Amino acid sequence: MSQVYDYIEMKIPAKPEFIGVIRLTLSGIGSRMGFAYDEIEDLKIATSEACTNAVQHAYKDLEKGEVKVSFGLYPDRLEVMVSDSGKSCNFEEVRQGLGPYEHGQKVELLREGGLGLYLIETLMDDVKIHQHDGVTVFMTKFLEGEQVEMDAKTVST
Amino acid sequence: MNITVDVNELNTEFIVKLNGEIDAYTAPKLRESLFPISEQDNVSIIIDLTEVSYMDSTGLGVFVGAFKSVRAHNGEFTLIGLSERLRRLFDITGLADIIDIKSGTEGGLE
């Protein structure tokens, strides 16, 4: 069953300074669709995490690269896809040892990274990761709950 | 889409005011500012997040690193001025139980 939807695609250089540009775009798309403030903030974090992974891991050996971010706008949900064409990494390996910190954990043993994927899975409603030549993260957030009034003043981006 | 780091030093107490966004781009700058301080003995670092409008796991990583370093040097590390959004990030990652956090007006310096 096919559904009518709007599609937006962006390509950014695989450099950390452009991840903020994706967040600005996402704020605009999220408020256009009627997502609540907190949901937009969740979307921004999850998408930034995926972009950060793409920028930091996929391209560590390469000089140049691009990260493609695409947005599928459906009546009931937003789908965000973040893909890189860098070297594929073993996501199952990355997954290991992920998750929240535990109370009473020894301070000197605290991890200083690896929370990105955990946050993506926590903040989005559905997450899929595909590995091909690079890695693509598919994330879905459904419109629900208290939404921004359709005639409310535009959320500043 | 940038960050300013404002450090006020009084004896061994450092009050660090952050303003802006903490992400993969700005985290290295934050790390460079915090680590030399965190490696001194017996310091107290208070980080004011009141003016931080965005933060993700890269920021959490920097704070965990600085927190570990401060503790290894017998110092104290406190986060203050967290918005509800920021507080939530520390809650869902379990860091709220580990790092000393004073939320909102509770610890504000205004």
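This passage describes the fold of chain A and the side of chain B that touches chain A in a predicted model.

Chain A comprises four helices and five strands, and its elements follow the order β-α-α-β-β-α-α-β-β from the N terminus. Of the 157 residues in chain A, 32% are buried.

The mean pLDDT of chain A is 83, with 77% of its residues at 70 or more. Among the elements of chain A, helix α1 (residues 19-33) has the highest mean pLDDT, 97, whereas helix α3 (residues 91-95) has the lowest, 60.

Helix α4 of chain A spans residues 116-123 and includes the buried residues Gly116(A), Leu117(A), Leu119(A), Ile120(A) and Leu123(A). Viewed down the axis of α4(A), these buried residues fall within an arc of 160° and therefore line one face of the helix. In an α-helix there are 3.6 residues a turn, so residues three or four places apart point the same way.

Between the two chains, 23 residues of chain B are in contact with 26 residues of chain A. On the side of chain B that touches chain A, helices α2 (57-72) and α3 (84-92) of chain B each supply at least two residues. The largest share of that side, nine residues, is drawn from α2(B). By residue class, the side of chain B that touches chain A consists of ten nonpolar, six polar and seven charged residues.

How values were computed:
Residues numbered from 1 in each chain as written. Chains lettered and ligands numbered in written order. Predicted model: local features only at pLDDT ≥ 70, side-chain atom pairs only at ≥ 80, totals over all residues. Buried ≥ 20, exposed ≤ 12 C-beta atoms within 10 Å, placed from the backbone. Arc of directions from axis to C-beta. pLDDT = per-residue confidence, 0-100. Contact = placed C-beta atoms within 7 Å. Nonpolar A, V, L, I, M, F, W, Y, C, P; charged D, E, K, R; others polar.
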